[in-house]
Amino acid sequence: MRLLYIVASYLLFAVLFPVLSVHRKTRHGLRQRLGFFAPGELPARGDGPTFWMHGASAGDLLALSPMFAPLRARFPGCRIVLSTMTNSGYMMGRDRLARQVDAVVYAPYDLWGATRRAVRAIQPDVLVLEYTEIWPNLIRAASRAGGRVTLTNGRFSPGNQGRYRRLFSLIGNPLKDLSLFLMRGEDEAERVLALGAPDERVFVTGNTKFDALAVGERTPEDESLRAALGLKDGERVWIAGSTHEGEEEHLLAVYRRLLEAHPELRLVIAPRYIDRAGRIVALARDAGLSVGLRSKGNEERGRVVVLDSMGELSRAYGLATLVFVGGSFTTRGGQNILEPAGQGKPVLFGPHMENFQDSVQVLVGRGGIQVNDAEHLYRVMSELLAKPETVVSLGELARMTVRQVSGASQRNVEHMARVLGA
């Protein structure tokens with residue numbers, strides 16, 4: 001059955017490779033994706049174990065990052081190699097996380113040869129996968145080489161249970177090669193057990209992304225960002241983060257209406273993909289609004305500013321009065337609403353949060369407000385802007401809520417220590 005998957009993966013790769021080689025998310029790093037690493041791209045083995053931690057995209061890497069410090073503390077001398085599948089994930093890992101890890105690389109394609117070469121090069125004692133990153137060839141290669149394979153922040157969609165069962169019946173069950181299943185919640189644990197995970201390897205530890213969200217005092221870099229956005233100290237700011245195509249038109253319309261009662265309000269739009277910045281500038285101008293770009297220091301001193309830079313949204317949230325998180329007025333399924341909540345900001349979001357239901361359950365009624373549409377968003381924001389004391393209390397409630405659900409990273413590290421015999 002494994003042979004069937006190996007052959008099928010090569011056939012599928014042959015069909016998809018022309019698309020993968022030109023798509024903006026996957027067109028770089030071909031050599032590493034095939035399992036080849038140049039001298040100096042991977043660190044020498046240290047005195048401690050090697051942890052290969054894999055997250056598919058930039059957001060997934062950030063969810064893994066709270067485990068770096070506990071791993072260093074628990075395993076002095078360990079190596080941490082971070083891998084990702086997308087170009088944006090690689091850039092973010094290189095720019096924001098490189099100081100915390102020993103290497104940032106592209107993950108290999110899930111091909112028999114590429115995964116074996118990557119495992120031989122990295123030599124992981126523990127391969128850490130995230131969410132539903134079940135790659136049979138990679139799991140098999142790491143397990144056969146003597147590594148332990150761990151799933152963290154484990155989640156399995158109830159709607160896909162039947163598909164997983166059919167796939168596993170054809171190719172063999174890759175879950176049997178995992179040493180640990182560290183699941184986000186009891187319902188996720190029940191689903192992975194139903195798929196054949198050994199009972200003694202399944203534990204509910206929570207979600208590590210909650211651990212990265214509480215933020216301390218403001219820094220000089222935050223004030224530099226404020227200046228680059230053209231914002232004045234004390235100015236009320238609405239930040240719309242991780243927006244997608246089709247959302248900005250509604251947000252700009254809401255903003256224009258809010259300006260009638262709150263002419264001092266500023267709007268910062270941070271698109272999920274920064275190559276859409278020009279499109280948003282055009283939309284703002286069509287709406288009769290002055291607009292500038294963060295990359296140009298908002299030289300126009302526009303009421304609307306487009307955050308067209310990588311890795312600054314989290315810090316920008318700290319400058320906000322109110323936050324709306326995008327991907328929720330479209331079928332995208334939402335984006336991370338806990339990041340601004342952890343910074344003490346009331347968070348609004350739309351009806352489509354299918355990919356972040358755990359976050360919605362945590363935050364609604366505790367500093368998070370779900371709105372039905374743009375009209376509902378306008379009404380809620382009008383009420384909040386008229387009551388500054390309510391904004392402050394909701395923000396503090398959001399911050400405390402995030403703190404109360406933290407601790408998964410430390411629990412995960414202790415489980416890894418146990419399977420390593422440390």
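Mentor: Two strands are said to pair if DSSP finds at least two bridges between them. Helices (H or I, at least four residues) and strands (E, at least two) are DSSP runs, numbered from the N terminus. The model is a predicted one, in which local features need pLDDT of at least 70 and side-chain atom pairs count only at pLDDT 80 or more, while totals for chains, interfaces and linings use all residues. Residues are numbered from 1 along each chain as its sequence is written, and side-chain values use heavy atoms, with hydrogens and water left out.

On these terms, strand β2 (residues 79-84) pairs with β3 in the parallel sense over four bridges. Within that pair, Ser83 stands opposite Val105 of β3. Both strands belong to an open sheet of seven, in the order β3-β2-β1-β4-β5-β6-β7, with parallel pairing. Because β3 (103-106) and β7 (202-204) stand at the edges and have a single partner strand each, one side of each is left without a neighbour in the sheet. On average, neighbouring strands of this sheet are turned by 20° against each other, direction ignored.

Two helices that pack on the sheet deserve mention. Contact here means heavy atoms within 4.5 Å; axes are lines fitted to C-alpha atoms, for helices over the stretch in contact, and angles run from 0 to 180 degrees between N-to-C directions. Helix α9 (residues 186-194) packs on the sheet and touches β5 (148-154), β6 (180-183) and β7; the direction of α9 makes about 170° with that of β7. Helix α18 (residues 408-420) also packs on the sheet, touching β1 (50-54), β4 (126-130), β5, β6 and β7, and its direction makes about 170° with that of β6.

Beyond this sheet, strand β8 (237-243) is joined by six bridges to strand β9 (residues 266-271), and the two run parallel. In that pair, Thr243 stands opposite Pro271 of β9. Strand β8 is mostly covered, with seven of its seven residues buried; buried means under 20% relative accessible area, exposed over 50%, and partly exposed in between (1.4 Å probe, protein chains only).

Strand β8 is also among the elements that cover the buried residues of α16. Those buried residues are His376, Leu377, Tyr378, Val380, Met381, Leu384 and Leu385. Leaving aside neighbours within four places in sequence, Leu377 is in contact with Trp238, Leu251, Val254, Phe324, Phe329, Leu348 and Val371.
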